[in-house]
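I opened a new notebook page for this model.

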Amino acid sequence: MSLPERNLILVHSQGWQDRADFLAIKAQVERLAPDVAVFVVSNDIRSSVTRKQAGGRPTLIFSPVRLLEFRPLRGTLYAGAPMSKIDEMRALAAAGLPVPRFEVIGPATRLSAADYGPLVVIKPTYALASWGQGVELRRTERVRYRAPEEFPDWHPGRHAPMVAQRFIDCGYPMTCRVLTIFGQPIFTYCRESTRPLALPADKHEFEQREYMPSPPDRRAFVTRDPAMLALAARAYRAMPQAALQACDILRGKDGELHLLEVNPGGGTWMFSSPGAQGYKEVLGIDDLSVEFDAFRVIAQALVERTRAEAI
């Protein structure tokens, strides 16, 4: 039996992923590639012994989120990295991806319905904003700059500028997330309202439940739509440094697809993330990883990368 020639280090972050997921991937890698030694380490400790053990061979490190306490002695690193939403949107748009029109809101900002349509989404650019914090829908002509100190203490707008983005009318409010590893789909989660979009004509600002799929008038499903999966693959090619991407995609009522973001920070390990139980319940699926044979796909992708890129 040949000895391992390279190392693969999987970095587990408590609260973001279940360690059992990484052990399952480790088992798959060991079955596929006896030439690759696999280590599962904690992101919360330095793991000095493992660092030394892995230091003697070319290594590749994969961590869905940024490294914390663990610091490898060597190796090619693929780790999540929080990124300003405006930098992310600019990078995706520059790659020719169908990102809805956007601009940073400044003191002189006045938006035209001719450019943006009647409604725009206001969202924070702060790299650590998540879970829809600070996201609003407004009539285009009502968008105005707010100084950071005008936002509540909890609001991400206190930390970075806000951005306005054209609102995509999907007919029935919907959103799909396509989770990928190196551009390959490993899970999808779609939500769609069972009622058509109907915004009150006398309102100028809208709560998320009015324009997003919200219970009880909502269905959830897994999609294998080839066009959505292809768009997610293109998104990876635009930002290849982010191995794990959660691509948020809309389909307008005209059928066109629009890419909102890819969440490069990596807190989107949907199989066992804080939101995993909710996904399981609404989808009626006990093991989310089986839908796309995710752990096998991840293992195969990491074997290929380790053989090609470990240093």
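**Entry 1: salt bridges.** I counted a salt bridge when a side-chain nitrogen of Lys or Arg lies within 4 Å of a carboxyl oxygen of Asp or Glu. The model is predicted, so I kept its limits in view: local features need pLDDT of at least 70, side-chain atom pairs count only at pLDDT 80 or more, and totals for chains, interfaces and linings use all residues. Residues are numbered from 1 along each chain as its sequence is written, and side-chain values use heavy atoms, with hydrogens and water left out.

I searched the whole structure and got 19 salt bridges. I then looked up single pairs. Glu192 pairs with Arg219, with the closest N and O atoms 2.8 Å apart. Glu192 sits in strand E10 (residues 184-193) and Arg219 in strand E12 (residues 218-221), so this pair ties together parts 27 residues apart in sequence. I took strands (E, at least two residues) and helices (H or I, at least four) as DSSP runs, numbered from the N terminus.

For accessibility I used these classes: buried is under 20% relative accessible area, exposed is over 50%, and partly exposed is in between (1.4 Å probe, protein chains only). Glu192 is partly exposed at 22%. Arg219 is partly exposed at 41%.

Next I checked Arg251. It bridges to Asp225, with the closest N and O atoms 3.1 Å apart. Arg251 is in strand E13 (residues 244-251) and Asp225 is in the loop between E12 and helix H6 (226-238), so the pair joins parts 26 residues apart in sequence. Arg251 is partly exposed at 26%.

I also found a network of salt bridges that links Glu5, Arg6, Asp35 and Arg307. Within it, I read 3.2 Å, N to O, for Arg6 and Glu5. Arg6 is partly exposed at 21%, and Glu5 is partly exposed at 45%.

**Entry 2: nonpolar cores.** My criterion was buried Ala, Val, Leu, Ile, Met, Phe, Trp, Tyr and Cys residues joined through side-chain atoms within 4.5 Å. The largest core has 38 residues, and Ile25 and Phe271 have the most contacts inside it. Helix H8 (residues 294-309) gives the most to this core, with eight residues. Apart from it lies another core of 27 residues, including Phe102, Met174, Cys190 and Val262.

Which residues does Ile25 touch, leaving out those up to four places away in sequence? I found Leu10, Trp269, Phe295, Ile298, Ala299 and Leu302. Contact here means heavy atoms within 4.5 Å.

**Entry 3: helix packing.** I fitted axes as lines to C-alpha atoms, for helices over the stretch in contact, with angles from 0 to 180 degrees between N-to-C directions. The axes of helix H1 (residues 19-32) and H8 come within 9 Å and cross at roughly 60 degrees. H1 and H8 are therefore oblique to each other. My angle classes were under 35 degrees for roughly parallel, over 145 for roughly antiparallel, 65 to 115 for roughly perpendicular, and the rest oblique. Among the contact residues I noted Ala24, Ile25 and Gln28 of H1, and Phe295, Ile298 and Arg307 of H8.

**Entry 4: backbone.** Most residues other than glycine have a negative phi, and most peptide bonds are trans. I therefore listed the exceptions to that rule. A cis peptide bond joins Pro215 and Pro216, with omega about 5 degrees. Pro216 is in the loop between helix H5 (208-211) and E12.

Asn263 has a positive phi of about 55 degrees although it is not a glycine. Asn263 is buried at 15%. Asp293 also has a positive phi, near 50 degrees. Asp293 lies in the loop between H7 and H8, and it is partly exposed at 37%.
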